[in-house]
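Please walk me through this structure in the viewer, one selection at a time. For each stop, say what to select and what is there.

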Amino acid sequence: MNDEEIIAFYFERNEAAIEESENKYKSYCLAAAENILDSKEDAEECFNSALLAVWNSIPPQKPNNLKIYIAKITRNFALNKLKEKTAEKRGGGKTEAVMEELAECVPAKENTEDAFDAMELEKSINRFAKSLPEKERNFFIRRYFFMEALHKIAERYGTSENGAAVILCRVRKKLKKHLEKEGFI
């Protein structure tokens, strides 16, 4: 089933949309979440949460690329889970609770201008990634979006770990030039 048909199911509120999304994108999304969390169970939980979030966001959202839409939501759940796990390790979960209590008194660090700047930076990085040759784009996305280990990237693309590191170093230099040109650095 193609993505347009799956999205149509979401708009019809047909539960087959979830089943088809799972059949088509589960392994892709789980790989990303497992790279972040090092836990198959936590990755599964994040993917299931992502499917619910997709169900709740379509409609009104109509993603151009369903695969990336679901993967990005899964990744965000995985990053939040990782943050939660690290907070628990630091203070047995108490640190996060204390910080939430303080948030009632202390104004948020982020303002509208910061949020706008972050959105513009994200758009700029997306343009940069799209401008890269396919191999470099794949390395960049695997490493910095999916947080895949360097040795796994090297294995996936048939190169040495050192070779993958060199490619990523060159891509980072290109990214720095791009961000300087666009005024972010």
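Start by selecting helix 7, residues 134-144, together with helix 9, residues 161-181. In this predicted model, the two helices pack at an angle of about 95 degrees, and their axes lie 10 Å apart. Angles of 65 to 115 degrees count as roughly perpendicular, so helix 7 is roughly perpendicular to helix 9.

Next, show the side chains where the two helices meet. On helix 7, select K135, E136, F139, F140, R143 and Y144. Their partners on helix 9 are A164, I167, L168, V171, R172, K174 and L175. Coloured by class, this contact shows 8 nonpolar and 5 charged residues, with no polar ones.

Stay on helix 7 and select R142. Is R142 buried or exposed? R142 has a relative accessible area of 15%, and buried means under 20%, so R142 counts as buried. Leaving out residues up to four places away in sequence, R142 touches Y28, M147, E148, I153, R156 and Y157.

Now turn to the largest pocket, with a volume of about 1,100 Å³. Select I68, K72, E122, N126 and F145, which are the closest to the pocket centre among its 28 lining residues. Which elements give two or more residues to the lining? They are helix 4, helix 6 (112-131) and helix 7, so keep helix 7 displayed for this view.

Move on to I58, in the loop between helix 3 (40-57) and helix 4 (66-91). The relative accessible area of I58 is 0%, and this residue is buried. To see what surrounds I58, select I7, Y10, F11, R13, P63, L66 and Y69; these are its contacts once neighbours within four places in sequence are set aside. For a distance to display, pick the C-alpha atoms of I58 and A8: they are separated by 9.4 Å, although the two residues are 50 residues apart along the chain.

The last stop is E41, in helix 3. Is E41 buried or exposed? The relative accessibility of E41 is 59%, and exposed means over 50%, so E41 counts as exposed. Finish by drawing the line between the C-alpha atoms of E41 and L30, which are separated by 9.8 Å and lie 11 residues apart along the chain.

Key
Residues numbered from 1 in each chain as written. Predicted model: local features only at pLDDT ≥ 70, side-chain atom pairs only at ≥ 80, totals over all residues. Heavy atoms only, no water. Axes fitted to C-alpha atoms, helices over the stretch in contact; angles between N-to-C directions. Helix = DSSP H or I, 4+ residues; strand = E, 2+ residues; numbered from the N terminus. Parallel < 35°, antiparallel > 145°, perpendicular 65-115°, else oblique. Contact = heavy atoms within 4.5 Å. Nonpolar A, V, L, I, M, F, W, Y, C, P; charged D, E, K, R; others polar. Buried < 20%, exposed > 50% of the residue type's maximum accessible area, 1.4 Å probe, protein only. 1 Å grid on protein atoms, 1.4 Å probe; cavity = no way out; pocket = protein on both sides within 12 Å on 5 of 7 lines; lining within 4 Å. Points joined across faces, edges and corners; volume = space filled by probe spheres on them.
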